[in-house]
Amino acid sequence: MTSTMLIGLDGATFTVLDPLLRGTAEEGVVMPFLASLMEQGYSAKLRSTAHPLTPPAWTSVVTGRTPGHHGIFDFVRFEDLGNELFFTLYDARDIRAETLWQIAGRQGKSVVSLNFPMMAPPMEVNGSLVPGFVSWKHLRRNMWPSTLFDRIKAFEDFDAKELSWDFERESAIGDVMADEELFTWVDKHLPRDKQWFNIGLRLLQEDKPDLFALMMDGTDKIQHQAWHVLDPALWTGGATEAARAVRKLVLQYFRNVDGYLRALHEAAPDAHFIIVSDHGFTGSEKVVRVNLHLEKLGHLTWRESDGSEAARRRDMSNFANLDWSATRAFCPTPSSNGIVIRKRTEACPAGVPPEEYEAFRDRLIADLLDMRDDETGERVIAEVLKREDAFPGECMERAPDLTLVLSDHGFVSVRNREPAVVTRPVPLGTHHPDGIFVMTGPGVAHARGADMSIVDTTAIAAHSLGLPIPEDFEGAIPDGLFDAVWLGEHPVRHAAAGKATGPAQAAPPARDAEEEQREEMLAQLRLLGYIED
Amino acid sequence: MLKRVEIAERLRSTVEEFIEDWGLDAEISRDTKLVEDLEFDSIDVIQLVVAIEGAFQSRSLGFQDLLMREGRYVDDLSLGEIEAFLEQRLTRA
C-alpha cells in the first residue's frame, strides 16, 4: 500500500501560488485542492541548493545530499584539456550518492519514480522508473524495467512525443516572444504534464508502490516565459487581448495541475502527500554578459571566428567560446552562474599560478561585485560564493570556483555582445532560492512552519516510508511537522549511510588518469540551447 | 578481449535497438550514416555514446577522438567508422 506520495512541482513558488490559492487573483481561486491541502496540513518555504538550478536541486531531493556531496552542479560538465574544453552532459552515472529510490528498494519498499532529471541512464529500482528530460527517441531504453516502455505504450492516450522533452521547444526559453507566439508555446506544454499524470495515476493504481514520486515541470517552463502574466506585481489585467489569452491559458495549466493533485491524492488518500519544488521563481530584468566583463578585466580572450557557419553556431551557443590559450577565468554556461579559475599547469600555461590563486580569487570577487549597469550605475552582482562555502563536500572540485548570485537572481549570459548589461523589455522568469513545501497525511501538523532546506524533504520521505534516516542525509525532520502522538508511535530513527555511489548500471572499471580525462571529452553539444534555463 | 566480429555485432544490435521507435525505414550497415541516414541530432549522438558505453561497459573509450577532428566536431559518422574506432580502442593492448 502506498504510504508516501512525493510530488514535485518544478519551480513552484508561493509568490505566484498565493493569489491562485486565496482567490485574490482576478480569476478567483484557481487551485482549490492545493488550497485545501495547505489549510489541512503543513507548509513552509523550502530553501533550494546554493545555486537554485534544476539538476543539482532535484538531485538533492532524490539523494538527501547537497551538490558538494552528490556531485551534480549543472546540466553540463566539462573537462579542461589546456588547449580545448570539452563539454558534455551530466547524467545519472555522475551522481555520487545513493538515491532514495535505491535506499527504499534495499529495504524492501517498492517505488515508482517519474520524470525526475538526472535519472538516465536508468538505475535498477524495486519498481518502475521513467527519467525526465529525455527525448522521445530515447525513452524506451532509459526506463526501468526494460519492459516498462511497452507497458506504458499500451496505456490509453499515451503519446511519447507529448510526454518527453522537446529540446528544440525548450531551447526557446530565454527568448523574447510576442504573446501570440507565447500562447502557442505554452499550449504545447499542457499535454505534457497530462501525459505524466496519466502514467502516474495508472502505475499508482495498478502497482500501489510504497513510494510514489512524480515530478511535473510545466510550472518551471511556463513561469520562465510567461512571468509577465503571472507575477502579481506585473499583471494589471493585460494591455492586449493576446496577453489576456496567454494569462487565461497559463491559469488553465495551473487548474489542470490542481486537478492532477486531487486525483493522485484520491488514489492514495491515507498516504503522506508531500509537495516540493526544487526552487522558486522571480522576475529577471537584466541581461548580464559576465564573460564580457571578464574580458575587460583581462582574464579571457574570445575565440576568433573564421566566418564559417559552424563558427557562427558556436558563437550563438550557450557554451563559452574562448581562446583557451589566453583565458584564465571564465563562465562556462549560463545555467552555471559559475566562474572557473584555471590553474597553471604544463597543459594550461594561461592559468593562474597556484601560489597566486587565493589573491587572484579575492581580487576577482571584488571586481565581479563591482560590475555595474552603465545606464543606472547599479551593481548587478549581489553575492559571489566561494565553492568551499557554497558546495562543501567530496565532489567540491567539480564545482565552479565562484558562483554568482545576480541582483535580480537571473542567469548570466556567456555571449560576446555589447553592452555587458542590458535591461530586458519584459522581465523573464528566473529561479529564486525559495520554493515550496506542503504536506498532509497521518500525524502531520496543521501549521505554517519555519523555512526548510531542500534536503529535509528526503529525510521526511524516508521517515514517512517507515525507514531509518541514513546518517549521511544532511536534512532533518522539522520541529513541528508531525504531532506528538505520531512521533511517539513513529519515532525518528537513524541508520548507517548506504553505498557511496548511486549510479545504477555497471560501474566503470578502474581507469588511469588519461582515461579519466578522455571520458569527459565526447561532446557534440553545439545545438543544445536548453541550458539557458 | 572482444573479437572484431563481436564488436561489430554488438554495435549493430545497439544501434538497431537505439532507433527502434524512430519510425525509420533505414537499413543498418557499415555505410549507414548517423545524420544523413538515421536523422541524428547532436543530442542523439550523446545518447548513442552513452548507449555504446553501456553496451561495452566502459566510460573510457575516448569518443572525443572520433567526434572531433582538428578541433572541430565532425558533421557525420558512418557505423563503419564507429566500428573501426571501437575495434581500435577495445582490442589495443
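At 14% relative accessibility, A:His293 falls under the 20% cut-off and therefore counts as buried. This residue sits in helix α14 of chain A, and beyond its sequence neighbours up to four places away A:His293 touches A:Asp367, A:Leu368 and A:Met371. Please keep in mind that this is a predicted model.

**Helix α16 of chain A**
- Helix α16 covers residues 357–369 of chain A, and at 1.5 Å a residue these 13 residues should span 18 Å; the end C-alpha atoms are 18 Å apart, so the two values agree.
- The buried residues in α16(A) are A:Tyr357, A:Phe360, A:Arg361, A:Leu364, A:Ile365 and A:Leu368.
- Viewed down the axis of α16(A), the buried residues fall within an arc of 135°, so they line one face of the helix.
- The cover over these buried residues includes two helices of chain A, α14 (290–296) and α17 (387–390), along with the strands β10 (329–330), β11 (338–341), β12 (381–386) and β13 (402–406).

**The four-stranded sheet**
- In chain A, four strands make an open sheet, ordered β10-β11-β13-β12, with antiparallel pairing.
- At the edges are β10 and β12 of chain A, each of which pairs on one side only.
- Helix α16(A) packs on this sheet and touches β10, β11, β12 and β13 of chain A; the direction of α16(A) makes about 165° with that of β12(A).
- Within the sheet, β11(A) and β13(A) run antiparallel and are joined by two bridges, and A:Gly338 stands opposite A:Thr403 in β13(A).

**Nonpolar cores**
- The largest nonpolar core has 98 residues, and those with the most contacts inside it are A:Trp101, A:Ile339, A:Leu364, A:Leu368, A:Leu404, A:Phe437 and A:Leu481.
- Helix α16(A) provides the largest share of this core, with five residues.
- Leaving out neighbours within four places in sequence, A:Leu364 is in contact with A:Leu294, A:Leu297, A:His299, A:Ala329, A:Ile339, A:Ile341 and A:Leu402.
- As general background, nonpolar side chains tend to be buried together in soluble globular proteins.

**Two buried polar residues, A:Ser336 and A:Thr440**
- A:Ser336 lies in the loop between β10 and β11 of chain A, and its 5% relative accessibility is why A:Ser336 counts as buried.
- Not counting residues up to four places away in sequence, A:Ser336 touches A:His51, A:Asp74, A:Cys331 and A:Thr403.
- A:Thr440 belongs to strand β15 (residues 434–440) of chain A; A:Thr440 also counts as buried because its relative accessibility is 5%.
- Although A:Thr440 and A:Met5 are 435 residues apart along the chain, their C-alpha atoms are separated by 10.0 Å.
- With residues up to four places away set aside, A:Thr440 touches A:Leu37, A:Gln40, A:Gly41, A:His265, A:Ala271, A:His272 and A:Phe273.

**A hairpin in chain A**
- Strands β3 (residues 76–80) and β4 (residues 85–89) of chain A run antiparallel and are joined by five bridges.
- A:Val76 stands opposite A:Leu89 in β4(A).
- Four residues lie between the strands of this β3(A) and β4(A) hairpin, where A:Gly82 takes a positive phi near 95°.

Notes: Residues numbered from 1 in each chain as written. Chains lettered and ligands numbered in written order. Predicted model: local features only at pLDDT ≥ 70, side-chain atom pairs only at ≥ 80, totals over all residues. Heavy atoms only, no water. Expected span 1.5 Å × (residues − 1). Buried < 20%, exposed > 50% of the residue type's maximum accessible area, 1.4 Å probe, protein only. Arc of directions from axis to C-beta. Contact = heavy atoms within 4.5 Å. Pairing = 2+ DSSP bridges. Axes fitted to C-alpha atoms, helices over the stretch in contact; angles between N-to-C directions. Core = buried A, V, L, I, M, F, W, Y, C linked by side-chain atoms within 4.5 Å.
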